[in-house]
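This briefing goes through the strands, helices, core, chain contact and ligand shell of the structure shown below.

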Amino acid sequence: MDFFLLLVATGLVSGAAYGLIAMGFALIFKSTGVVNFAQGELVMLTAYISFSLYTTFDLSFFPLMLVTIPISMLIGLVLERLFIRPMLGEPIFAIVMVTVGLAVILRGVTIMIWGPDPFNFTAGIPTEVVYIGSVPFYPAQLYLIGALAVMTFAGWAFLRFSRMGIAMRAVAANETAALLVGISVSRIHAVAWMLSAAIASVAGVLFAANFKLAPDLWFQGLKSFPAVILGGLDSVIGSAVAGLIIGMIENLFQGYVGQGLREISGFIVIVIVLMVRPYGLFGSKDIERV
Amino acid sequence: MLALKNIQILYDRAIEAVRDVSLEVPTGQIVALLGSNGAGKSTILKAISGVLYQEDGEIMSGSIQLEGEQISGRTPRDIVEKGVLQVPEGRALFATLTVEENLLMGGFTRSRAETSEGLERVYQMFPRVKERRTQISGYLSGGEQQMVAIGRALMGKPRLLMLDEPSLGLAPQIVDTIFDAVIALNRDTGLTVLLVEQNAQLALQTASYGYIIENGRIVLDGAAEKLRANDDVQEFYLGFSGGERRSMRDVKHYKRRKRWLS
Ligand SMILES: Nc1ncnc2c1ncn2[C@@H]1O[C@H](COP(=O)(O)OP(=O)(O)OP(=O)(O)O)[C@@H](O)[C@H]1O
Ligand SMILES: [Mg+2]
């Protein structure tokens with residue numbers, strides 16, 4: 001039983017990272033229709049920037065995020081203006097290819113600046129083990145799970161109640177109609193990139209604090225794909241929940257079935273989801289009325 | 001209020017959808033723009049709203065003026081802020097949003113106070129919409145959707161309201177409700193209306209002036225009662241076989257039920 005609890009607990013931790021990264025994907029996909037293949041790289045770049053801020057100013061976690069998040073949003077905005085905006089009106093496929101190129105560039109830039117060797121990065125989070133019941137946790141693990149909870153709630157409230165959040169859903173639902181009520185679609189796209197970069201930075205910093213900060217961090221972007229698909233691609237909240245589910249499935253597979261299966265179990269889930277519910281657990285089946 | 005002068009519009013720099021159209025919508029009037037499938041009616045409304053670029057359409061020559069001010073080339077947002085609102089063909093609601101969210105988005109360019117005021121007005125005008133306010137708009141009936149679409153446009157505080165085939169596919173009583181509402185708005189608040197229709201009978205009863213467009217050209221215009229009395233108008237409609245579909249038509253995924261003048 002303890003073994004099971006431990007697997008679930010660590011599953012929740014890696015699942016929370018997947019969930020956060022997947023939320024970033026979903027936010028951009030929902031409002032722009034683009035699968036951003038540079039999401040993992042955005043996670044990596046913002047984590048490294050946060051690392052530099054941390055080593056320069058020696059901040060504890062919350063002040064560190066207070067600085068990291070706005071800088072990340074700025075990066076999201078600049079990337080959108082530089083790489084995505086000029087592609088407006090091009091086929092979606094072409095824009096997706098641009099994000100693939102962007103991913104390679106960001107990876108290169110990160111290694112150029114910070115080098116290929118991994119760093120230890122606590123992000124100002126305490127390191128003494130705490131127990132919840134009989135299960136031991138590092139505080140960084142709890143921060144990660146807590147961050148997912150906070151971001152999920154904030155994301156839900158934003159999309160549900162704020163003018164900008166509703167406008168984002170409106171653009172996703174019908175772009176022309178959004179223009180006809182005076183919503184500036186390009187501004188919505190920019191906001192989506194900014195918020196997505198903010199979420200990416202939270203994911204990146206906390207992932208690095210739990211494991212390490214290394215140039216292979218971008219790979220977490222790909223590993224979050226099963227969560228993105230399970231969540232339904234365009235469901236911000238769904239991605240968060242799906243991340244947790246995938247994290248647990250992976251860990252339980254590893255614990256009870258075998259080591260090697262951890263890596264592929266998520267992708268097995270993708271295949272099954274695509275066969276059974278192509279729009280994911282929470283994604284919107286297109287509402288079409290005649 | 002609105003004046004189009006010698007407008008020519010191309011799609012993809014090749015397809016000439018509107019050849020040479022001039023028309024005027026005087027302040028406080030309802031003007032009808034009539035024509036069959038593919039005549040270029042929706043293209044003209046898209047040009048006025050500034051959303052042609054979305055479909056690779058472009059105004060090649062001519063001018064669009066709102067009270068003497070050039071508005072072609074402005075962003076859709078600017079045009080909405082100037083009070084020119086469109087109810088698009090096929091309603092184009094934000095299907096995944098609730099009715100009330102759709103209406104709130106209609107007031108996107110307006111202040112919070114104006115928005116809640118507008119909401120009250122729309123609910124008063126269409127009690128059915130109020131009953132459905134928390135429902136997902138994509139699941140409403142066609143008639144309810146049309147009311148929401150009009151309500152959404154009214155939330156933007158229009159001076160000029162442009163309606164693209166509001167009667168499309170709706171039962172006669174619903175059409176009456178909707179047209180009564182438009183007429184009342186025009187009479188009580190002086191709202192200027194540009195009404196695009198295929199249902200000539202209905203449109204010419206509602207409007208004071210009409211233009212008839214065919215293949216991107218205005219072929220006839222005049223006071224509504226004159227057009228109504230004109231035998232050529234009826235013949236024009238009956239004689240025209242709009243049956244064959246062009247490629248663009250086939251892509252549109254809503255069903256169309258056209259009602260012809262009988
Ligand atoms: N996006 C587009 N790309 C290319 N051609 C288009 C496009 N939209 C419309 N057209 C063409 O322009 C012409 C006018 O189309 P438009 O939609 O304005 O007609 P309409 O009068 O609104 O017809 P309907 O009553 O069927 O709505 C048609 O020949 C149509 O095929
Ligand atoms: Mg049309």
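In chain B, S4(B) and strand S5 (residues 69–70) pair in the antiparallel sense over two bridges; two strands count as paired if DSSP finds at least two bridges between them. Helices (H or I, at least four residues) and strands (E, at least two) are DSSP runs, numbered from the N terminus. This is a predicted model, in which local features need pLDDT of at least 70 and side-chain atom pairs count only at pLDDT 80 or more, while totals for chains, interfaces and linings use all residues. Residues are numbered from 1 along each chain as its sequence is written, and chains are lettered from A and ligands numbered from 1 in the order in which they are written.

**Strand pairing in chain B**

- B:Ala3 has B:Gln65 of S4(B) as its bridge partner.

**Chain B overall**

- Chain B contains 11 helices and 10 strands.
- Of the 262 residues in chain B, 47% are buried; a residue is buried if 20 or more other C-beta atoms, placed from the backbone, lie within 10 Å of its own, exposed if 12 or fewer, and partly exposed in between.
- Among contacts in chain B between residues at least 6 apart in sequence, 71% join residues at least 24 apart; a contact requires C-beta atoms, placed from the backbone, within 7 Å.

**Positive phi in loops of chain B**

- B:Arg91, in the loop between strand S6 (84–87) and H3 of chain B, has phi near 75°, a positive value in a residue other than glycine.
- B:Arg91 counts as buried because it has 27 C-beta neighbours inside 10 Å.
- B:Asn215, in the loop between strand S9 (209–214) and strand S10 (217–223) of chain B, has a positive phi near 45° and is likewise a residue other than glycine.
- B:Asn215 has 14 C-beta neighbours inside 10 Å and therefore counts as partly exposed.

**Helices of chain A**

- Helix H1 (residues 2–32) of chain A has 31 residues that should span 45 Å at 1.5 Å a residue, and its end C-alpha atoms are 44 Å apart, which agrees; the expected span is 1.5 Å times one less than the number of residues.
- H1(A) is mostly covered, with 23 of its 31 residues buried.
- A:Gly33 follows H1(A) and has a positive phi, near 75°.
- Helix H11 (residues 236–256) of chain A has 21 residues and reaches 31 Å from its first C-alpha to its last, close to the 30 Å expected.
- In H11(A), 15 of the 21 residues are buried, so this helix is largely enclosed by the rest of the structure.
- A:Pro139 is in helix H5 (residues 139–161) of chain A and counts as partly exposed because it has 18 C-beta neighbours inside 10 Å.
- Not counting residues up to four places away in sequence, A:Pro139 touches A:Ile125, A:Pro126, A:Thr127 and A:Val130.
- A:Pro139 and A:Thr110 lie 29 residues apart in sequence and 27 Å apart in space, C-alpha to C-alpha.

**Nonpolar core**

- The largest nonpolar core has 172 residues, and those with the most contacts inside it are A:Leu20, A:Ile183, A:Leu206 and B:Leu195; such a core is a set of buried Ala, Val, Leu, Ile, Met, Phe, Trp, Tyr and Cys residues joined through C-beta atoms within 7 Å.
- Helix H8 (residues 185–210) of chain A gives the largest share of this core, 19 residues.
- A:Ile183 touches residues of both chains, including A:Ala167, A:Val171, B:Met105 and B:Phe108, not counting residues up to four places away in sequence.

**Contact between the chains**

- Chain B gives 27 residues to the contact and chain A gives 19 residues.
- On the side of chain B that touches chain A, helix H2 (76–81) and helix H3 (99–106) of chain B each supply at least two residues.
- That side of chain B has 13 nonpolar, nine polar and five charged residues; Ala, Val, Leu, Ile, Met, Phe, Trp, Tyr, Cys and Pro count as nonpolar, Asp, Glu, Lys and Arg as charged, and the others, Gly among them, as polar.

**Shell around ligand 1**

- Of the 17 residues around ligand 1, B:Tyr11, B:Ala17, B:Ser42, B:Thr43 and B:Glu55 come nearest; a residue is near a molecule if its C-beta atom, placed from the backbone, lies within 6 Å of it.
- Strand S2 (15–25) and helix H1 (41–49) of chain B are the elements that give two or more residues to this shell.
- H1(B) provides the largest share of the shell around ligand 1, three residues.
- By class, the shell around ligand 1 has five nonpolar, seven polar and five charged residues.

Methods: Contact = placed C-beta atoms within 7 Å.
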